[in-house]
Amino acid sequence: MKNYNYIEKCIRESYGIKNSLVERINDIEKIANEIVRCYKMQNKILIFGNGGSAADAQHIAGELVGRFKKERRALSAIALTTDTSVLTAWSNDYNFEDVFSRQVEAHAKPHDILLGISTSGNSKNVIRAFQKGKYQIGTYNISLTGEGGGKLKDLSHICLDVNSKDTPRIQEAHELIYHIVCDLVEQKLFLEDKK
């Protein structure tokens, strides 16, 4: 059985959603500018989400700590999804809803950026981390979500909500967004090294 029509439909949906990001250029630029500001103040970025968004958090941290396109110094970015001992100990002894807020309490300082990723915008552990950062520490909160932004929207300084409710399509758009952001951050921070 051939699924050409379905495959074409998926490709066209993904393209359409990514194409709609042209209307969010100002938000993408603002995210990059805030990350540059954060690094210029010698602060760091803490990134987190669940499932595919956890993988995205690790991907973003890898691009910032390692490199995106330029040979340059490392940038401080921590994916809160990677320390299995912390994640499993806290979840087992207390609850899964606070696995990120506990790490935010341990690592975040005023003016650090929390980058929370949730396709629904309603992931409880991401929400609690944003609450901890915003109200108790003084972090700058940026969220990548699906359509509407969910409960994260009101806890975010910037909420870039992708115009879709379909998780795979949202995740595909998120990858494009954070690749552009990583590219812009390198360009803005390392202009003197431009080749």
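Which residues point one way from β4 and which the other way, and are they buried or exposed?

Author: Happy to. First, the ground rules: this is a predicted model, so local features need pLDDT of at least 70 and side-chain atom pairs count only at pLDDT 80 or more, while totals for chains, interfaces and linings use all residues. Residues are numbered from 1 along each chain as its sequence is written, and side-chain values use heavy atoms, with hydrogens and water left out.

Now your strand. Y140, I142 and L144 point one way from β4, N141, S143 and T145 point the other way, and all are buried. Buried here means under 20% relative accessible area, with exposed over 50% and partly exposed in between (1.4 Å probe, protein chains only). Put another way, β4 spans residues 140-145, and six of its six residues are buried. Strands and helices are DSSP runs numbered from the N terminus: E with at least two residues for strands, H or I with at least four for helices.

Next, the partners. Two strands pair if DSSP finds at least two bridges between them. On one side, β3 (residues 113-118) runs parallel to β4, joined by six bridges, and S118 sits opposite T145. To get from β3 to β4 the chain goes through helix α6 (residues 124-137), a right-handed β-α-β crossover; right-handed means that, with the strands pointing away from the viewer, the path from the first strand over the helix to the second runs clockwise.

Then there's β5 (residues 158-161), parallel to β4 and joined to it by four bridges. I142 has I158 as its bridge partner in β5, and S143 stands opposite C159.

Zooming out, the open sheet has five strands in the order β2-β1-β3-β4-β5, with parallel pairing. At the edges are β2 (77-79) and β5, each pairing on one side only. Neighbouring strands are turned by 15° against each other on average, direction ignored. For such angles, axes are lines fitted to C-alpha atoms (for helices, over the stretch in contact), and values run from 0 to 180 degrees between N-to-C directions.
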